[in-house]
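Subject: Structure handover

Hello,

Here is the structure I said I would pass on. Please open it beside this message and follow along as you read.

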Number of protein chains: 2
Amino acid sequence: MEIRQLLSQVSKGDRRALAKAITVVEDDSESAAKLLSALRPPGRVFVLGVTGPPGTGKSTLVDRLIRIYRRRGLRVGVIAVDPSSPITGGALLGDRIRMTSHADDSGVYIRSMASRGWSGGLSRATSQVVQLMDSAGYDIVLIETVGIGQSDMEVVGVSHAVIVLLMPGMGDDIQMSKAGLMEIGDIYVVNKGDLDGADAMIVGLLSLVRTLKSRSPSVVKVSALSGDGLEKLDEAIEAIRSKFGKGDKEIRLRSIRGMMVEMAKGNVVESFLRRTGPRADELSKQVLAGKLTVAEAAARLET
Amino acid sequence: MEIRQLLSQVSKGDRRALAKAITVVEDDSESAAKLLSALRPPGRVFVLGVTGPPGTGKSTLVDRLIRIYRRRGLRVGVIAVDPSSPITGGALLGDRIRMTSHADDSGVYIRSMASRGWSGGLSRATSQVVQLMDSAGYDIVLIETVGIGQSDMEVVGVSHAVIVLLMPGMGDDIQMSKAGLMEIGDIYVVNKGDLDGADAMIVGLLSLVRTLKSRSPSVVKVSALSGDGLEKLDEAIEAIRSKFGKGDKEIRLRSIRGMMVEMAKGNVVESFLRRTGPRADELSKQVLAGKLTVAEAAARLET
């Protein structure tokens, strides 16, 4: 089988095979289903989500982390999820630059995914790519997402640990709470720590963190550009990664559950959209004719 | 019934009742289902989507459009969908400023919706709010979305017409095509038309538009700030709105179908997530124990 052969090459660490397998998954065809059912990832990869609003320096931080892990001999995969990338060109360009800066390093694989056209959801695709990278023997996958949109929240569920990147001047504590940021981070990082307001932000975050009941996330100040504070961040990540390495069930189940639910949800949505096409046309006409409300038609469409 | 009373007030144009009804819908409770099943919107509202990357001036353009429609005596609802709003504070603040600038005008209602926490999808919530605004007698609803993420694509389906806002220097034609932008716009607007490259961008868009088979979108150059070119944009919108007003089936069915599918899809996802909780926990443990792959567990979770 071509698929088996492809996966066998992936598991040997063949980068071109990995790229091809990811494309198969992205195209979301029957081949993707075959590929995934043949995939038996060892569950060895540590998944680190890096999220935060645009402009906080996520790419720079991710680049720093790649270098830290490479110095330790770890193989690093990066999934850059950027809803706006192909439009601004920014992320794609940045991606290309990053690719180039790690181009000679076979231990780094960077892939950007635009969040369009995924009827089954970007998070499903991300889950699948994580598993491919796991099969390919990567030690760490960094998932970089922009903003805190719905897809970011889902991607968070796939991670073993989540870094929320912030910077001074981006709003007060209340806004962060409102945005749901305090629900998702394992490590809060204030980047551009040399700017005015960085210390005040740290103080605010620490007091917010103290109000949390079930979790106690870390708070770290860094400058991704100069490298200040990165050792502290590294320590905070390693504290979680070593638990993962020791087989901590809670951490492992979180990512497994996240990936499984996102994959299943994606499949459910896709099969719903596939089977309801003609029926939706017919029901739309009944709504137009005033025989049904949109809500009534939606209820019929569901069943 | 409290719900019936609320809806009766909504249909009389009571703004506080509308605000309350939207909150009920956002909270996504049983009351929301009751409320929606009691809702019989007249289908009179024209839904105009305004999308495009951050920084292109969507808010300024929307503000201009509000003024144009108000001068004609039309009642205008605005749904500002901003995934990153609560974090940067930008959109919420902007929203408040806009609210203030139209605060004395009972013919304008502006509501921002952050794209978090919607297990059933932001597009479902948007569909529901459109219907509430329709019931409340608004003539036009402007849906303002950021970027071209997944939720933007869904929101687009709810609209009768979609404006894609661009500006010079944001990437070339190929990038726009890649982003799926050429698939969704009925009107392409190049804002900040006095900047270098605006005319080149118009030329590029016109040649892209000519390659489309089933549609022929308009291309307009404006300066939302100075007001230049707004008459042309207004004409392009009115060309579509007048078809809508005359009962053009294709245009009407498009939005009805979009709202219905998004509502049903949201319900399907929500009910999937609700019923699979305990099962997901159990299956995750089997994956952790190596008895199942994530893909196999996801397949079992679906059924």
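Below is what was found in it, taken topic by topic.

Please keep in mind from the start that this is a predicted model, not an experimental one.

**Chain A overall**

Chain A contains 14 helices and 7 strands. It has 303 residues, and 53% of them are buried. If you take the contacts in chain A between residues at least 6 apart in sequence, 73% join residues at least 24 apart.

**The sheet in chain A**

In chain A, 7 strands form an open sheet, and their pairing is parallel. Reading across the sheet, the order is β3-β2-β4-β1-β5-β6-β7. Which strands lie at the edges? They are β3 (108-113) and β7 (218-221) of chain A, each of which pairs on one side only. From one strand to the next, the twist averages 20°.

To see one pairing in detail, look at strand β2 (residues 76-81) of chain A, which runs parallel to β3(A) and is joined to it by 6 bridges. Within this pair, A:V78 stands opposite A:I110 of β3(A).

A helix also packs on this sheet: α11 (residues 198-210) of chain A, which touches β5 (161-166), β6 (187-190) and β7 of chain A. The direction of α11 makes about 175° with that of β7(A).

**The sheet in chain B**

Chain B has an open sheet of 7 strands with parallel pairing, in the order β3-β2-β4-β1-β5-β6-β7. Its edge strands are β3 and β7 (218-221) of chain B, and each pairs on one side only. Ignoring direction, neighbouring strands of the sheet are turned by 20° against each other on average.

Two pairings in chain B can be checked by eye. Strand β2 (residues 76-81) of chain B is joined to β3(B) by 6 bridges, and the two run parallel. There, B:G77 has B:Y109 in β3(B) as its bridge partner. Strand β5 (residues 161-166) of chain B is joined to strand β6 (residues 187-190) of chain B by 4 bridges, again running parallel. In that pair, B:L165 stands opposite B:V189 of β6(B). Helix α11 (residues 198-210) of chain B packs on the sheet and touches β5, β6 and β7 of chain B, with its direction at about 175° to that of β7(B).

Is strand β3 (residues 108-113) of chain B enclosed or open? Of its 6 residues, 5 are buried, so β3(B) is largely enclosed by the rest of the structure.

**Where the chains meet through two helices**

Two packed helices are described by the angle between their axes and the distance between the axes. Helix α14 (residues 294-302) of chain A and helix α13 (residues 249-288) of chain B pack at an angle of about 55°, and their axes are 8 Å apart. That angle is why α14(A) counts as oblique to α13(B). The crossing of α14(A) past α13(B) is right-handed.

On the α14(A) side, the residues that meet α13(B) are A:V294, A:A295, A:A297, A:A298, A:L301 and A:E302. On the α13(B) side they are B:I256, B:M259, B:M260, B:M263, B:A264, B:N267 and B:V268. The residues of this contact divide into 11 nonpolar, 1 polar and 1 charged.

**Single residues to look at**

A:V24 belongs to helix α2 (residues 15-27) of chain A. There are 21 other C-beta atoms within 10 Å of A:V24, and a residue needs 20 or more to be called buried, so A:V24 is buried. Leaving aside its neighbours within four places in sequence, A:V24 is in contact with A:S31, A:A32 and A:L35. The C-alpha atoms of A:V24 and A:I3 are separated by 9.8 Å, and the two residues are 21 apart along the chain.

Most residues other than glycine have a negative phi. What is the phi of A:K192? It is positive, about 55°, although A:K192 is not a glycine. A:K192 lies in the loop between β6 and α11 of chain A and is buried, with 24 other C-beta atoms within 10 Å.

In chain B, B:K192 also has a positive phi, near 55°. B:K192 is found in the loop between β6 and α11 of chain B. It is buried, with 24 other C-beta atoms within 10 Å.

Regards

How values were computed
Residues are numbered from 1 along each chain as its sequence is written. Chains are lettered from A and ligands numbered from 1 in the order in which they are written. This is a predicted model: local features need pLDDT of at least 70, side-chain atom pairs count only at pLDDT 80 or more; totals for chains, interfaces and linings use all residues. Two strands pair if DSSP finds at least two bridges between them. Axes are lines fitted to C-alpha atoms, for helices over the stretch in contact, and angles run from 0 to 180 degrees between N-to-C directions. Two residues are in contact if their C-beta atoms, placed from the backbone, lie within 7 Å. Angles under 35 degrees count as roughly parallel, over 145 as roughly antiparallel, 65 to 115 as roughly perpendicular and the rest as oblique. A crossing is left-handed if the near helix is turned anticlockwise from the far one by less than a right angle, and right-handed if clockwise. Ala, Val, Leu, Ile, Met, Phe, Trp, Tyr, Cys and Pro count as nonpolar, Asp, Glu, Lys and Arg as charged, and the others, Gly among them, as polar. A residue is buried if 20 or more other C-beta atoms lie within 10 Å of its own, exposed if 12 or fewer, and partly exposed in between; C-beta atoms are placed from the backbone.
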